[in-house]
Amino acid sequence: METVLAFVIGGLYAAAIYMLLRRSVVKLLIGLGLLSHAANLLIFTAAGLTRGRAPVVTAGAPAAVIADPLPQALILTAIVIGFGVTAFALVLVFRVYSTLRTDNLDRMREADA
Amino acid sequence: MIIASVAAGFGAALIAPVVTRWLRHRAGWLLGTLPAALALYFASLIPQAAGGSATTARLTWVEDLGLSLSLRADSLSLLMALLISGIGALVVVYAGGYLKGHPALGALYAWILAFMASMLGVVLADNLLVLFVFWELTSITSFILIGFHHDNEQARAAALQALLVTAGGGLALLPGLVLLGMAGGTFELSELNLQAARIQSSPLFGPALALVLIGAFTKSAQFPFHFWLPNAMAAPTPVSAYLHSATMVKAGVYLLARLSPALAGGPAWAFSVGGIGAATMLLGGAMALAQTDLKRLLAYSTISALGLLTLLIGIGTPHALEAAMVLLLAHALYKGALFLVAGAVEHETGTRQAPLLGGLARAMPWTAAAAGLAMLSMAGLPPLLGFISKELVYESAFELGWPLAVTIALTLAFSVCVSGVVGLVPFWGRPKPLERHPHEAPPSMTFGPLLLGGLSLVFGLAPGLIDGRLAGPAAAAALGAPVALKLSLWHGLTPALGLSAATLVLGLGLLVFIRLMRTRLHAALRPWGSERVYQAGLTALNLAARGLTQLLQSGYHRRYLTIIVLTTVAAGTFTLMRSGAFNWPAADSPPGYYELGVALLIVAAAVMAVTTSSRLGAVAAMGAAGYGVALIYLIFGAPDLAMTQFLIESLTVILFVLAFHHLPPFARLTTVSERAGDAALALAAGAMMTALVLSAVGVQLYPSISPYYVQAAESLAHARNIVNAILVDFRGIDTLGEICVLAISALGVFALLKMPRRKAEGAPTPEADPQAETGR
């Protein structure tokens, strides 16, 4: 499964970078969203996969084999931060568009000058 | 005390503008007392240094790095320090007359005094790095002084050229000195010079020597770096006399002499230093003859003299070094005087063109007298110091065979001719018609050249004043062994005397025919100017810099991103391949069919997000990919992650859909080939990330701290959900930071939404967007 997920991560990265390279700023936002999926999945996979055993202590002692809790904690933080970034960027784009009437990044540069 | 002697110049530089505002052009007489006092102080150190015990001072800075402000005044340093402070005093006085009434006279004084202090630092430094710092300071002060007439474009270009060449040499010098210090195991010059065997057997010796020589050659205007010096004549004449004849350009020669105990001895030193010196000497001498501008003439002749000094240091025999030290002194005295004379002539007549001048002696008797003394010394006539130095040069050259002696004699014949053109022809013969009726220059401008010319005579008549006290011990310092120098005017009928006579005859012959030769010589020597190489290099450098800036700083988000991704992919792939880190996961669990389904869902969603032209479709696809990722979390034991991901993903999609109401539809803004290029780059990046994940899976370089969290979750945090325990307890501060980020983001969102709407003037509308139209 690690091999399969490695290719999934690669696909997500490719899609994210392609979208980030667009001139349309909305596509860039979608690229940002895909990029955070890719990064989170990368941390999750690289730490090693464990099927089904959530890192929860039941009745005194933890089970012999459980999923690694540390990457999960890191990713949980990352998901939330990613949401904050996306929300802020989206509103920023909305404001930029309502001021400049363009969603083309190259044209925004010209308006800046 | 010796540290104060260096610091005093910098202090005086600070108050010089104030003093000048108060005393105007008479400030020179007051400001000149500091260099004069320093000269007396250095003179008082001479007997002690001649006795072999140098005066030292040391302020430790970083002990472990061998960094300390250590100064040391031995005879070689004192010889230079006396020239710097003594001529400095005369130049400060002279500048008051030369630039009388100039609004920036105070600034000139400040920079001249700052230069003097830096130059004293160079010659008194005993630590290589201290020497380097002062060395660079002289380059910078020289840059400012050459560009003193900054409203003149030529002066600015000349200043920049001098800075680029000398500071470029400084860039070579620094690694050279560091390598030298590493090879010798110390950065203290006095200790380094005792380590010759260790340094010269070190593998670092070759590079260190080459780099140090480049530094010295650029500073002392040696071929092929000589071209900056004639252009530096754009500086006011007192500056030219001081920096570009008597002191700064001798810094390179000083460095060679200073380091010669450590570096000399091998063929590499003799051939590179001697060879470059000889080439510079001949080229400079011949080029001087082709000039008509008095200052450029003197500049080329200075290049020639610096070449001869370099040649003598390259020869490195006791006699050659003795000759070098006496010549160093003699040259500073006569060339400094002649520069000041040329400035006085220009000041009084309004021209520096040699062919326009004649018969000035009647109007300017004192200047003529000073010129005569300096000229006789430069021509090498008895009983002046120039004669003695020339005899010494010939004697040391004869030791290596007559061809060398004859080559030097040819150069010195050029020098005889130059001395006549500057010191003789303008003052004697028939007066020529001038635009301005010449008067004698003010005392401030005749005092300096007369004193320098007078010293040439005094030291010539009484060479005992300098031989055993100053020049001899200085030569000993450059040799690293004691020498017994006894100077006298009369050596008997030696081959050197014969050669001197021949030189004089040849030089006078050249002087008679100089007018006929000038143009032809000028044309013949033109290809030897390496200035065109400099110009081409400068143009290429500027073009390359502009191109690189345009490439890297385009202002287009896509290009920045392309460069970043490309660099990451290239560096990542290279590292993966070179280190052999890439391998397939060792323990790969076989995927279940539903897991494969989820994986396919994510990939299909990603493809759709990229390819769809519908905004809603793209956002839905992004959401689907996020849900797929959440399913993976769920399958592999992370229900908390899955829950969060489901929630956040739903929220994101809703946000997007709400915002789309106010945003334009997707437009194709790029061409097919651009998209293909981006796709290729994106796929390459994806492939590299895949390879990275494959290699990273199951690699555990350090023991994980997870078992600790698992053990301690219940006992310490009283929690059964370990992920939660980590977030709110073990790494609670992290989570606090995360909350802050979210709060700031929320504030930003609120502010952006509530900000009063204001349309930018002239903002492009989507309809008027030509790129959007063509690309659609």
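Reader: Why does B:Asp588 count as partly exposed?

Author: This is a predicted model, so every value is computed from predicted atoms. B:Asp588 has a relative accessibility of 32%. Buried means under 20%, and exposed means over 50%. The value lies in between, so B:Asp588 is called partly exposed.

Reader: Where is B:Asp588 placed, and what does B:Asp588 touch?

Author: It is in the loop between α24 (557-579) and α25 (593-611) of chain B. Setting aside residues up to four places away in sequence, B:Asp588 touches A:Met1, A:Glu2 and A:Thr3. Contact here means heavy atoms within 4.5 Å.

Reader: Is A:His37 buried or exposed, and what makes it so?

Author: A:His37 is buried. Its relative accessible area is 4%. The limit for buried is under 20%, so the term applies. A:His37 belongs to helix α2 (residues 25-46) of chain A. Beyond its neighbours within four places in sequence, its contacts include A:Leu12, B:Met622, B:Val629 and B:Glu649.

Reader: What makes the pair A:His37 and B:Glu649 a polar contact?

Author: The distance between the two side chains is 3.3 Å. The cut-off for a pair of N or O atoms is within 3.5 Å, and one must be able to donate a hydrogen and the other to accept it. The pair A:His37 and B:Glu649 is therefore listed as a polar contact.

Reader: Why is the link between A:Arg22 and B:Asp678 called a salt bridge?

Author: Their side chains meet at 2.2 Å, N to O. The rule asks for a Lys or Arg side-chain nitrogen within 4 Å of a carboxyl oxygen of Asp or Glu. Across the interface of chain B and chain A, the rule finds three salt bridges. The largest share of the side of chain B that touches chain A comes from helix α28 (residues 672-696) of chain B, with 14 residues. That side divides into 68 nonpolar, 23 polar and 16 charged residues.

Reader: How do you know that strands β1 and β2 of chain B pair?

Author: Two strands pair if at least two bridges are found between them. Seven bridges join β1 (residues 55-62) to β2 (residues 67-73) of chain B, so the two strands pair. They run antiparallel.

Definitions and conventions:
Residues numbered from 1 in each chain as written. Chains lettered and ligands numbered in written order. Predicted model: local features only at pLDDT ≥ 70, side-chain atom pairs only at ≥ 80, totals over all residues. Heavy atoms only, no water. Helix = DSSP H or I, 4+ residues; strand = E, 2+ residues; numbered from the N terminus. Buried < 20%, exposed > 50% of the residue type's maximum accessible area, 1.4 Å probe, protein only. Nonpolar A, V, L, I, M, F, W, Y, C, P; charged D, E, K, R; others polar.
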